[in-house]
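The entries follow in the order in which I looked things up.

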Amino acid sequence: MNNDWFKLIGIPVAAVAVAGQVQAAEYLTVEQAQKLMFGESASFEKSDIKINSAAKKAIKAASGVKVDRRTLPTWTVFDGGEVSGYFIVDEVIGKHEYITYALALSPSGEVRQIEILVYRESYGYEIRNPRWRAQFVGSKPGSQLDLGEEIKNISGATMSCRHITEGVNRVLATYDVYLKSQ
Amino acid sequence: MTFTSKVNKRARPLLGTVVEIGVSDTEAAEAQELISESFLKIENIERAMSRFDKQSEVSQINDLEMNGSLVVSQQLWSILQLSEHLTALSRGVFSISAAQKNNGRILKLMDERKVCRVAAGSIDLGGIAKGYAVDQAVEYLQSQSTPSGYVNAGGDIRVFGAPHPIFVRHPLRPSESVVSLELKDAAFATSAIYHDEKSYNQSGAVLDPRTGRAVPFGVSASVMAPTCVMADALTKCILMLKSEGDTLLHQFDARGFLVDGEHVTSYPRTEKTITSYAN
């Protein structure tokens with residue numbers, strides 16, 4: 001048994017202490033998510049929720065989550081002349097990640113499906129470092145170096161979906177205030 | 001060439017993390033269908049194993065009275081059998097018993113998928129469920145003749161078909177990668193505590209069930225194995241057993257490494273195992 005199945009990468013701290021490089025994974029566009037979650041025959045009417053300050057307080061009280069944005073991008077979904085649900089695009093910001101996700105709600109406010117649209121992680125400093133990038137050179141003959149694809153499989157990431165759970169609770173509290181009575 | 005083909009991929013919040021499923025070399029509509037089905041498999045496993053859902057099979061087991069018994073699903077049965085096997089092989093390092101002090105087993109596996117409570121305490125399949133779910137999703141994709149793809153549950157990953165590059169974070173400086181490797185038709189998992197020492201002390205430490213003590217901060221263990229459930233379970237064995245875990249790795253056709261401060265030690269141990277990568 002030898003140990004050449006992995007390569008060691010040593011990066012001096014100074015070289016990576018540069019600001020702002022972000023790695024992102026894009027999964028679905030809004031349109032793709034809409035079709036996937038409600039089917040080809042559904043139609044979508046943009047009906048954004050504008051959250052006023054009284055509602056902000058009520059939503060915070062009900063969900064325990066602070067409301068940062070005044071507008072929640074929302075679509076009322078119609079299928080066969082009936083309201084078949086709501087499609088909502090929300091964002092959550094964690095310590096190291098920034099996630100945009102879509103939520104499919106039934107007309108009565110049950111969560112039908114959650115799909116992540118974009119996941120950005122604020123660690124990806126490595127990709128600015130030439131030594132780190134050099135790891136890829138020649139590793140795949142004839143292939144284009146696509147950093148967006150290459151850097152996604154990072155083992156040991158403690159990715160948490162806690163912030164998404166909080167976001168969903170906040171959206172459901174927003175539903176109660178604005179959509180439930182419709 | 002497979003590398004340039006489009007990968008259809010999606011991600012959902014599941015199993016307490018973000019689960020990403022990717023399928024390549026497959027027509028887009030079919031790929032999306034395969035991905036949806038794979039997520040469904042994972043959701044079913046999550047539902048059965050949740051400790052927090054009072055209706056789940058695991059909750060029903062935890063609610064059993066002393067000597068009470070329950071017939072479980074085939075799925076849960078195979079996980080309980082695998083867990084028992086691992087506990088025996090790892091001399092208690094791997095354990096599904098959430099009660100740390102309990103050396104004895106909480107459940108006795110009877111015949112015909114029947115389990116019986118033999119001691120107080122509760123089970124927690126958190127250490128095995130994620131890997132198991134990844135394996136189930138991958139095996140489903142393979143059963144549908146998908147040429148190439150991967151399932152990544154927050155860093156516990158299994159790939160098939162085309163190879164995938166993997167990077168392992170430094171346990172103390174998460175913006176740095178310590179190790180890179182290429183994974184092909186195999187699974188890979190890392191166990192460690194990342195981020196700052198403060199949050200480590202507050203929460204999710206990896207505990208040694210034999211002592212109830214936390215594994216030291218700044219140490220991570222990674223394992224490559226044929227299945228994700230084995231890779232995940234074996235990371236915990238390496239963290240606690242160190243070189244005693246060699247036998248286990250051999251047995252499961254696995255290999256791994258431990259990152260401790262500025263040193264990387266590969267397992268099973270060979271004459272050339274400790275490498276300083278600093279500078």
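**Chain A**

I began with burial in chain A: of its 182 residues, 31% count as buried. The model is a predicted one, and I read every entry below with that in mind.

I then listed the secondary structure of chain A, which comes to six helices and ten strands. I also looked at contacts in chain A with a separation of 6 or more, and found that residues 24 or more positions apart account for 64% of them.

**Chain A, H3 and H6**

I looked up one helix pair here. The axes of helix H3 (residues 53-63) of chain A and helix H6 (residues 162-178) of chain A come within 9 Å and cross at roughly 125°. H3(A) and H6(A) are therefore oblique to each other. I noted the crossing of H3(A) and H6(A) as right-handed.

On the H3(A) side, the contact is made by A:Ala55, A:Ala58, A:Ile59, A:Ala62 and A:Ser63. On the H6(A) side, I found A:Asn169, A:Arg170, A:Ala173, A:Thr174, A:Asp176 and A:Val177. By type, the residues of this contact divide into six nonpolar, three polar and two charged.

**Chain B, overview**

I repeated the counts for chain B. Its secondary structure comes to seven helices and 14 strands. Of the 279 residues of chain B, 46% count as buried. Among contacts in chain B between residues at least 6 apart in sequence, 55% join residues at least 24 apart.

**Chain B, H1 and H4**

I took H1(B) and H4(B) next; their axes come within 9 Å and cross at roughly 150°. The pair is therefore roughly antiparallel, as the cut-off for that class is over 145 degrees. The crossing of H1(B) and H4(B) is right-handed.

From H1(B), I listed B:Leu34, B:Glu37, B:Ser38, B:Lys41, B:Ile42, B:Ile45, B:Glu46 and B:Met49 as making the contact. From H4(B), the residues are B:Ala129, B:Tyr132, B:Ala133, B:Gln136, B:Ala137, B:Tyr140 and B:Leu141. The residues of this contact divide into ten nonpolar, two polar and three charged.

I stopped at B:Ser38, which lies in helix H1 (residues 28-49) of chain B. Is B:Ser38 buried or exposed? It counts as buried, because B:Ser38 has 26 C-beta neighbours inside 10 Å and the threshold is 20 or more. Leaving aside neighbours within four places in sequence, B:Ser38 is in contact with B:Ile21, B:Ala137, B:Tyr140, B:Leu141 and B:Val151. I checked one of these pairs by C-alpha atoms: B:Ser38 and B:Tyr140 are 102 residues apart along the chain and are separated by 6.8 Å.

**Chain B, H4 and H6**

I then turned to the other partner I had for H4(B). The axes of helix H4 (residues 126-143) of chain B and helix H6 (residues 228-241) of chain B come within 7 Å and cross at roughly 155°. That angle makes H4(B) roughly antiparallel to H6(B). I noted the crossing of H4(B) and H6(B) as right-handed.

The contact involves B:Gly127, B:Ile128, B:Lys130, B:Gly131, B:Tyr132, B:Val134 and B:Asp135 of H4(B). H6(B) brings B:Cys228, B:Val229, B:Ala231, B:Asp232, B:Ala233 and B:Lys236. I sorted the residues of this contact into seven nonpolar, two polar and four charged.

**The nonpolar core**

Which residues touch the most other members of the largest nonpolar core? Of its 107 residues, they are B:Ala231 and B:Leu234. The largest share of this core, eleven residues, comes from H6(B). I listed the contacts of B:Leu234 outside four places in sequence: B:Val223, B:Ala225, B:Leu248, B:Leu249, B:Phe252, B:Ala254 and B:Gly256.

**Loops of chain B**

I found B:Leu172 in the loop between strand S8 (164-169) and strand S9 (177-183) of chain B. With 20 C-beta neighbours inside 10 Å, B:Leu172 counts as buried. The C-alpha atoms of B:Leu172 and B:Ser38 are separated by 34 Å.

I noted a cis peptide bond joining B:Tyr267 and B:Pro268, with omega about -5°. B:Pro268 lies in the loop between strand S13 (263-267) and strand S14 (274-276) of chain B.

Phi of B:Asn67 is near 70°, a positive value in a residue other than glycine. With 9 C-beta neighbours inside 10 Å, B:Asn67 counts as exposed.

Definitions and conventions. Residues numbered from 1 in each chain as written. Chains lettered and ligands numbered in written order. Predicted model: local features only at pLDDT ≥ 70, side-chain atom pairs only at ≥ 80, totals over all residues. Axes fitted to C-alpha atoms, helices over the stretch in contact; angles between N-to-C directions. Helix = DSSP H or I, 4+ residues; strand = E, 2+ residues; numbered from the N terminus. Parallel < 35°, antiparallel > 145°, perpendicular 65-115°, else oblique. Left-handed = near helix turned anticlockwise from the far one by under 90°. Contact = placed C-beta atoms within 7 Å. Nonpolar A, V, L, I, M, F, W, Y, C, P; charged D, E, K, R; others polar. Core = buried A, V, L, I, M, F, W, Y, C linked by C-beta atoms within 7 Å. Buried ≥ 20, exposed ≤ 12 C-beta atoms within 10 Å, placed from the backbone.
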